[in-house]
Amino acid sequence: MEPPVDILIDGLPATPADLAHQALVNYGAYTSFRVEAGAVRGLDLHLARLEQAAVELFGDSPGEDELRRLMALAVGGRDACWLRVSLFSPEIGHRAPSFVGRPRVMTVVSPAPPPLATSARVMSLPYEREAPHLKHLATLGLIHARRAARAAGFDDALFVDRNGCVSEGALWNIGFVQGDRIVWPQASMLAGVAQTLIQRGLAREGLVSERRPVALSDVAAFDGAFLCNSATPVCPITAVDAVVFQPDAAILTRIAQAWTAQPPQILG
């Protein structure tokens, strides 16, 4: 059973018409994150993501102050929860795509989900998301890929682009470990909030970071790999296809500390 949720549209209870449009037209973008004591790690990054998506997809944005107000209103007095913030417009549909203006804001509050996994074996699949720099609502390809990976006996899917380079996971970013260096794939992909927070804290943990193309054929040359997203800051990847990694608990701890060192930012 799905956990209970509280859905607001521009701060008011969602109507059947609002939800019907969301069900029938998947044009929009979103971000989602854990809220703890009214604060969020990487809130500035989530807000920037929404601002970029609003301007690119709709031509206008609610603005940071309004987004913060609606987020705080949605969370209310909850001490901890999961918040998803989506942008959509009932003026945009399959037959009427041309509307330009401020999108509406849907907030969905639910219990925080558990991490994706404690370890993961992933299968590479050729796939490139539409507008990969956006966290948009078109998720058929992601779910289809995850189903294929599960059917093949893996835990999740790792995407490879047309050039044979690793990009991102179905719901996460991937980092490779090479000594004291973290290598992030350079490809068309979504810049994850957890990934950026880890990058911000690596230096204080004595680790360096770089971003460069990673061919699928190069994966075996790394010492290890991990996945990260807002629900799962660090999770060891134990296999990519037939390449097996032995997780290094010490370096995974340092990577996790790079994430936790980034202080939560108050919503209101």
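**Exercise 1.** Which residues in H2 meet which residues in H3?

*Solution.* A word on the model: it is predicted, local features need pLDDT of at least 70, side-chain atom pairs count only at pLDDT 80 or more, and totals for chains, interfaces and linings use all residues. Residues are numbered from 1 along each chain as its sequence is written, and side-chain values use heavy atoms, with hydrogens and water left out.

Step 1: look for contacts (heavy atoms within 4.5 Å). Leu43, Leu47 and Leu50 of H2 meet Glu64, Leu67, Arg68 and Met71 of H3.

Step 2: sort these residues by class, with Ala, Val, Leu, Ile, Met, Phe, Trp, Tyr, Cys and Pro as nonpolar, Asp, Glu, Lys and Arg as charged, and the others, Gly among them, as polar. The contact of H2 with H3 has 5 nonpolar, no polar and 2 charged residues.

**Exercise 2.** Find how H5 and H6 are arranged.

*Solution.* Step 1: the axes (lines fitted to C-alpha atoms over the stretch in contact, with angles from 0 to 180 degrees between N-to-C directions) of helix H5 (residues 193–201) and helix H6 (residues 249–260) come within 7 Å and cross at roughly 100°.

Step 1: H5 and H6 are therefore roughly perpendicular to each other, a label for angles of 65 to 115 degrees.

Step 2: Ala194, Leu197, Ile198 and Gly201 of H5 make the contact with Ile255, Ala258 and Trp259 of H6. These divide into 6 nonpolar, 1 polar and no charged.

Notes
Helix = DSSP H or I, 4+ residues; strand = E, 2+ residues; numbered from the N terminus. Parallel < 35°, antiparallel > 145°, perpendicular 65-115°, else oblique.
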